[in-house]
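I opened the model today to look up its charged pairs. My notes follow in the order I made them.

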Amino acid sequence: DTPRPQTQNFVFEMRPRGKKYGAPLYAIEWSDAFAYMCGGGNNGIENKVVVIRRDREKRCLTDELVKFNLGEQTSDVPYRMKVHPSGKALVITNALGGIKVVRIDRREGEALPTLSAPPSAVAKAAEKCSFMGTIKSLSFSSDGTRLALGADDGKLHILSWPALEKKGAIDVTKTTTKGVRNVDFSAAHDDRLLLAVDEWGSCFLYDTEKLKVVGELEKPADMPRLTLFRVLSRAESDGNVLYGVANCNKLGYVLRWKQETENSEQKDHGDGQTPLRFKLQKVSRAVVPSPVCGCALSHDGSTLAVVTPDAEQVIVSTDTLKRIKLVKGAHMAFATAVGFTEDDDAIVSVSADGSAVLTPLVVDGNLVLKMLILTFLMALLAMMVHVLGRESVKAQPVKTLDVESMLAALERFLRGHGIM
């Protein structure tokens, strides 16, 4: 039960570049250089989808570019969201149950996407999903033909797209007694496998064709209280790998499993006749001093982004499972979701305080120059303080004022250039 020691990484952090968007935000998805965020609430807070993008010249997020109102009722408050692989639709789950579909159009000659209600047939099909109750997670297959929904009542629903016709259902409560926390298609297994994490923090593997459980991920024996939050897959050159983000004793961890070679051929036939076996390969030291409440895998699979209720952003290498970057206090309230930009060189997290915060992962040349200037100015200031300290006490008050003025000027310079 003793938590593993934390990895101590001391990295230079730029001031997070955040903006407020007028409502608590609960999800973020990137598609075609645009970020789609959804949020809302009660008591007059607008339920909406907001479209923004990254301003590369100013190295910040734009203001709201496009907005789509989701409705004024309590039942319209959005909870989770996924963008279709085609980039032409959003599927949004409602906090009180059911789903909504929002159409995305990119017309020729127009710089911004437009959001609108879907065709009536799709809207009616979405309304019929209200019987599923609260949907806590959702995932599209890589080809966009199937949509998996994980419900609070312990059911996994697989629907066709765009008809939203039921292709199958899995009663997770036959395996566990809790609802579905997160569900993801495994692209490494050609989407024939669903990775479902329940509210107990266990991950079960389900065959999407046979609709049967074909495995369960093992946990470290020396961490009995560890609960998984989400599990994601990656096809590597030497086999399929699963990465899990987990919590134990109020600390966040990352785990890696490797599929055993003797049954790795199931990637091809997916018959579900023999259990899939994944060997727990590595467990990180604590990568964050708080529980994990959101995560995302980069497009190239090299890094994981994690956010916490304490408004922290964390970047972890999937190769070493070590923390690369930690940003504390990115938001004023708890973070809710995180996503990578389209080229994986930055992350954006969203929060219940209505803010979205951009954090670059790549240090550019301008930043290096600023750091050199900062180092020079700090050395110069330290030298002046040392010289002034050797002068007479009578001259000290005058010189102290000079030092204080220099400190104030230095602070203005650093803030003006985004370093503090």
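**Entry 1: Glu-260 and Arg-277.** I started with the side chains of Glu-260 and Arg-277, which meet in a salt bridge at 3.3 Å, N to O. The model is predicted. I then placed the two residues on the chain. Glu-260 is in the loop between β21 (251–259) and α2 (266–269). Arg-277 is in the loop between α2 and β22 (278–283). The pair links distant parts of the chain, 17 residues apart. Next I checked accessibility. Glu-260 has 24% relative accessibility, so I put it down as partly exposed. Arg-277 has a relative accessible area of 38%, so it too goes down as partly exposed.

**Entry 2: Asp-184 and Arg-230.** Are Asp-184 and Arg-230 buried or exposed? I found both of them buried. They form a salt bridge, and their closest N and O atoms are 2.7 Å apart. Asp-184 belongs to strand β15 (residues 180–185), and Arg-230 to strand β19 (residues 227–236).

**Entry 3: Asp-76 and Lys-100.** I looked up the salt bridge between the side chains of Asp-76 and Lys-100, which is 2.6 Å from N to O. Asp-76 sits in the loop between β6 (66–71) and β7 (78–83), while Lys-100 is in strand β9 (residues 99–105), so the pair ties together parts 24 residues apart in sequence. Why does Asp-76 count as buried? Its relative accessibility is 11%, and the cut-off for buried is under 20%. Lys-100, at 21%, counts as partly exposed.

**Entry 4: the wider count.** How many salt bridges does a search of the whole structure find? I got 18. I also came across a network of salt bridges that links Arg-54, Arg-56, Glu-342, Asp-343 and Asp-345.

Entry 5: I went to the loop between β28 (346–351) and β29 (355–360), where Asp-353 is found. Asp-353 is buried, yet it has no salt bridge. Which side chain of opposite charge is nearest to Asp-353? I found Lys-20, 4.8 Å away. A salt bridge has to be within 4 Å, so I left this pair out. I then looked for backbone partners. A polar atom of the Asp-353 side chain lies 2.8 Å from the backbone nitrogen of Met-332. The Asp-353 side chain also reaches the backbone nitrogen of Ala-333, at 3.5 Å. Leaving aside residues up to four places away in sequence, Asp-353 touches Lys-20, His-331, Met-332 and Ala-333.

**Entry 6: the β17–β18 hairpin.** I turned to strands β17 (residues 203–207) and β18 (residues 212–216), which run antiparallel and are joined by four bridges. They form a hairpin with four residues between them. In the turn, Leu-211 has a positive phi of about 60 degrees. Which residue in β18 stands opposite Tyr-206? I read off Val-213.

**Entry 7: the whole protein.** The protein has four helices and 29 strands. Of its 420 residues, 52% are buried. Among contacts between residues at least 6 apart in sequence, 50% join residues at least 24 apart. The protein exposes about 19600 Å², and carbon and sulfur atoms supply 53% of that.

Methods:
Residues numbered from 1 in each chain as written. Predicted model: local features only at pLDDT ≥ 70, side-chain atom pairs only at ≥ 80, totals over all residues. Heavy atoms only, no water. Pairing = 2+ DSSP bridges. Helix = DSSP H or I, 4+ residues; strand = E, 2+ residues; numbered from the N terminus. Buried < 20%, exposed > 50% of the residue type's maximum accessible area, 1.4 Å probe, protein only. Lys, Arg positive; Asp, Glu negative; His and termini not counted. Polar contact = N/O pair within 3.5 Å; in protein donor to acceptor, adjacent residues only side chain to side chain. Contact = heavy atoms within 4.5 Å. Areas by Shrake-Rupley, 256 points an atom, 1.4 Å probe, with all protein chains shown as cover.
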